[in-house]
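Try each task yourself before you read its solution.

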Amino acid sequence: MKIFGTSEQNERTKAMINLKNIEKYYENRVIKTYVLRGINLEVKEGEFVSIMGPSGSGKTTLLNIVGMLDAPSNGEYYFLDEPVHKMSEKKLTELHKTYIGFVFQSYHLIDELTVYENLETPLLYQKVNSNERKGRVAETLDRFGMVAKKDLFPNQLSGGQQQLVAIARAVIAEPKLILADEPTGNLHSEQGKEIMDLLKKLNEQGTTIIQVTHSETNAAYGNRVIRLKDGWIEK
Ligand SMILES: Nc1ncnc2c1ncn2[C@@H]1O[C@H](COP(=O)(O)OP(=O)(O)O)[C@@H](O)[C@H]1O
Ligand SMILES: [Mg+2]
């Protein structure tokens, strides 16, 4: 296991994510293709981790497994000490919705819903009541400077604005963990910096963050870099 931060801090901070010998492969009748191999990774609460590596090295697959959107082929995954690898679909979905905000590279907003309604969805999942929903959406629109855009649909926004909405949607339910797959990948550098500053701020307020990035500059926003190569974590 990698050592990071001061050892005193390590003792006191709880492990949020613990992956033990995770493997992921795809299989057809002829061959088994490994995408992830021997992945051992511990992420503590409050960390900001960057995953880097060449295209095809397994970054998105790893993030999807951590986000409970995909299951590993082998290995153990503990989230806040609970065995994810043993959970039912239903429990996984529940855990995902309660704890995790996922930011996809391609935004994944719901095209048929307005900005307002897109922001409201995670709160509906969490069964937040109508009054509180209104308040939280209004507050988030304000915080992200999007009040004037609330009735627009995603295709009426620029890429940068769509990614801001996607991040706002990921954080509105105050998840303990934010997973972001190349969140600035499709953005201009200025918009990219805005997103990175926002993630940094959320991390300083206590949110654990794992991002995939190709940019050393963006990786430096975090406190630790994990490099993937051909499905392995580079030592
Ligand atoms: N559903 C799938 N079936 C077969 N191979 C897949 C599937 N999804 C991903 N892969 C393969 O897994 C490898 C890693 O993909 P990915 O995790 O997306 O890498 P990265 O995000 O680092 O670019 C790639 O070679 C990709 O082709
Ligand atoms: Mg990817």
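**Exercise 1. Find the element that contributes most to the shell around ligand 1, then sort the residues of that shell by type.**

Solution. Keep in mind that this is a predicted model.
- Step 1: Helix α2 (residues 59-66) provides the largest share of the shell around ligand 1, with 3 residues.
- Step 2: The residues around ligand 1 are Y26, V35, G53, S55, G56, S57, G58, K59, T60 and T61.
- Step 3: Sorted by type, the shell holds 2 nonpolar, 7 polar and 1 charged residues.

**Exercise 2. Describe how helix α4 packs with helix α6.**

Solution. Two packed helices are described by the angle between their axes and the distance between the axes.
- Step 1: For α4 (residues 115-125) and α6 (residues 159-171), the angle is about 30° and the axes are 7 Å apart.
- Step 2: Angles under 35 degrees count as roughly parallel, so α4 is roughly parallel to α6.
- Step 3: The crossing of α4 with α6 is right-handed.
- Step 4: On the α4 side, the contact is made by V115, N118, L119, T121 and P122, and on the α6 side by V165, A168 and R169.
- Step 5: These contact residues divide into 5 nonpolar, 2 polar and 1 charged.

**Exercise 3. Examine the phi angles of K127 and E174, and say how exposed K127 and E174 are.**

Solution. Most residues other than glycine have a negative phi.
- Step 1: K127 is not a glycine, but its phi is positive, about 55°. E174, also not a glycine, has a positive phi of about 50°.
- Step 2: K127 sits in the loop between α4 and α5 (130-143), while E174 belongs to the loop between α6 and β7 (177-181).
- Step 3: K127 has 7 other C-beta atoms within 10 Å, so K127 is exposed. E174 has 13 C-beta neighbours inside 10 Å, so E174 counts as partly exposed.

Conventions. Residues are numbered from 1 along each chain as its sequence is written. Chains are lettered from A and ligands numbered from 1 in the order in which they are written. This is a predicted model: local features need pLDDT of at least 70, side-chain atom pairs count only at pLDDT 80 or more; totals for chains, interfaces and linings use all residues. Axes are lines fitted to C-alpha atoms, for helices over the stretch in contact, and angles run from 0 to 180 degrees between N-to-C directions. Helices (H or I, at least four residues) and strands (E, at least two) are DSSP runs, numbered from the N terminus. Angles under 35 degrees count as roughly parallel, over 145 as roughly antiparallel, 65 to 115 as roughly perpendicular and the rest as oblique. A crossing is left-handed if the near helix is turned anticlockwise from the far one by less than a right angle, and right-handed if clockwise. Two residues are in contact if their C-beta atoms, placed from the backbone, lie within 7 Å. Ala, Val, Leu, Ile, Met, Phe, Trp, Tyr, Cys and Pro count as nonpolar, Asp, Glu, Lys and Arg as charged, and the others, Gly among them, as polar. A residue is near a molecule or strand if its C-beta atom, placed from the backbone, lies within 6 Å of it. A residue is buried if 20 or more other C-beta atoms lie within 10 Å of its own, exposed if 12 or fewer, and partly exposed in between; C-beta atoms are placed from the backbone.
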